[in-house]
Amino acid sequence: MDHVVGIDLGTTNTCVAIIEAGTPRVIPNKGGYAITPSMVAISESGKRLVGHLAKRQVVTNPVNTIYAVKRLIGRKWNSTAGRTVAQTCPYTIVEGPHGDIRLKIREHVYSVPEISAFILAEMKMIAEQYLGSPIDKAVITVPAYFNDNQRQATKDAGRIAGLEVIRIINEPTAAALAYGFGKNLERKVAVYDLGGGTFDVSILDIGHGVFEVISTAGDTFLGGENFDLRVMQYLIETFEEDTGVAIREDRMAMQRLKDAAEKARCELSNVRETTIELPFLHTTPSGRHLHMHETLTVQQLEDLTEDLVDETVKICQRTLESAKLEAKDLDDVVLVGGMTRMPLVQRKVAAFFGIEPCKGVHPDEVVALGAAIQAGALVDSTPELLLLDVTPHSLGIMIVGGYFHRLIEQNTTIPTRAGHVFTTVRDNQTSVKILVLQGESDKAAENEMLGEFILSGLRRAPRGQVEVEVTFSISVDGIVSVSAKDLETGREQSITVTATSGLTEDELKDLVKQSQSYMLELRASEEIERRRQQAEKLIDTIRGLFPQVQEAMSGTRFGRDAIAKAEAVVQRAEEDLARGDARTLLDTMQSLDRTLGMFKNVMHKKSEAAHR
Ligand code: AMP
């Protein structure tokens, strides 16, 4: 059977799940963990490290370790997000060739989808090892509030990782699917999803297998990372006040502080007070070692971050208003994302909705489980599951005066389409340039530009006579596409899309190829490693048998020759292993195998003789 996995590609952690015997199940990674850190690093020897391997070395290698890359996906170089990340993270971000953001690790520059692809490829491998068969299709979740550029870039990441992304679904919607799966519920629920980097809230009407999103809102730059920054800021200021030494330029100290801030924050979800001990945090140019010893209380943490939680509550208010509902109309509130373990978040959400949030779902796993349910439904064409989602942003075009003309309103059920008729404004005009945007501002410049479309090959005619109908559609993945038709002739028009961010088709194709050859090399080197381990085991076994075989064959000429031969084989094998000679490893293994066979034979004969 074709397996399709569901992947929750998170800012902090990533999780992969599958439907097994009708039940969604998270696939643990090699270390047995349900979630894998969304981190990528390149080691000094140029090796790619993903997940826990990357996280383990982040403090000693902060400059070459990328975390929270989801905050940058589909974003432009000159965006606020880009600037904030550049100022606060220890790794280097640079401008890409299409006004996009790229990451410089050691000597190499990577696009953001490439880094996300490394994480996805790791999840693909985890699933393949678990299932014992190749996986080439996935449903990937994204924050509901992601715009078209961010969705497209996520899809590109899947493609680079060798996965056909058969559907992109929204994280809160996926969580609702897992929450209602197999329960035949009839409820209105709010899904409050606060993760490491993003916040989403969706209101859904669930009834007899139909999951209908009524409204959604969010902030794709509000999550645990913002909370960490507040705590870090506080620690830095206290440290600088106490010591009179500025440490912001010390990247390793910043990374240790970030780790400590997050750890303290998580601890304060369970205890009233915690200490932050960072010995040798910074060494001054004169060689003075400075240490940090701080105490942080729940009250201090709440004072530092309360406005962030209030911001999420305001967004909840907006979503309810768009859904034309009041809090009392809801039957349940589902909490999703690691940040919802913070007591302040739970208190504020409960107070706003007037309901104790449901405790029945696992905040770290529920999104991946929902993605797996959707994957299963797509493969089996499950008739009893219907998902109706909405577009989080209005879609429109720029019109004269720099204004934004809406064609599709936010919270419209997707898939959807809208048409607009364009006429020529000059005599003999043969092309029209259209700017497509997403957002809620009336000013085009304040919205997210998705692309420039050039309608070309128009018939030469006096102005106003050529009418072209352009159709804008939003797919079920929330992805925008455009087509155009000459109304008079019925002819489809050619449309050129200029990438305003992300990757061009040629770049993508190149990256897919590079990724394929990397995976082949990786598999080959894993195979070599496996063989090496087997060879080492064989050598140990043969060495262990030497005394017995020597004794069994003592005195015979054949015995002396056989022992000498075996010794030569083992010695050669050891030399091969020491040289790391992969090509001869297979031959070596075969010789070792034959030697062991011969040894076993001798032992067997000896024991038979003894029993006679
Ligand atoms: P997610 O994106 O859903 O994996 O959530 C990750 C975020 O949840 C990170 O910012 C974590 O620091 C945060 N988080 C995880 N566990 C806790 C906890 N016990 N208390 C507070 N925050 C947590």
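A: Let us begin at the ligand: a backbone N or O atom of Gly 338 lies 2.9 Å from an oxygen atom of the ligand. A polar contact here is a pair of N or O atoms within 3.5 Å; within protein, one must be able to donate a hydrogen and the other to accept it, and residues adjacent in sequence count only if both atoms are side-chain atoms. The protein covers 86% of the 500 Å² of accessible area that the ligand has on its own, with areas from the Shrake-Rupley method and a 1.4 Å probe; for residues, only the protein chains shown count as cover. The model is predicted: local features need pLDDT of at least 70 and side-chain atom pairs pLDDT 80 or more, while totals for chains, interfaces and linings use all residues. Residues are numbered from 1 along each chain as its sequence is written, and side-chain values use heavy atoms, leaving out hydrogens and water.

Q: How is the shell around the ligand made up by class?

A: Ala, Val, Leu, Ile, Met, Phe, Trp, Tyr, Cys and Pro count as nonpolar, Asp, Glu, Lys and Arg as charged, and the others, Gly among them, as polar. On that basis the shell holds two nonpolar, eight polar and three charged residues. Of the 13 residues around the ligand, Gly 196, Glu 262, Arg 265, Ser 269 and Gly 338 come nearest. Helix H7 (residues 251-267) supplies the largest share, three residues.

Q: Which residues of helix H2 are buried, and why do they line one face?

A: An α-helix has 3.6 residues a turn, so residues three or four places apart point the same way. Helices (H or I, at least four residues) and strands (E, at least two) are DSSP runs, numbered from the N terminus. Buried means under 20% relative accessible area, exposed over 50%, and partly exposed in between (1.4 Å probe, protein chains only). In H2 (residues 80-88), Ala 81, Gly 82 and Val 85 are buried. Seen down the axis of H2, these buried residues fall within an arc of 100°, so they line one face of the helix; the arc is that of the directions from the helix axis to the C-beta atoms. They pack against strand S8 (92-95) and strand S9 (101-105), in contacts defined as heavy atoms within 4.5 Å. The face turned away carries the exposed residues Thr 80 and Gln 87.

Q: Is Asn 411 buried or exposed, and what does Asn 411 touch?

A: Asn 411 sits in the loop between strand S21 (403-408) and strand S22 (413-414). With a relative accessible area of 15%, Asn 411 is buried. Its side chain reaches the backbone nitrogen of Thr 216 at 2.9 Å. Not counting residues up to four places away in sequence, Asn 411 touches Ile 214, Ser 215, Thr 216, Ser 322, Val 390 and Thr 391.

Q: Which peptide bond is cis?

A: A cis peptide bond joins Ile 414 and Pro 415, with omega about 0°.

Key. Near = heavy atom within 4 Å.
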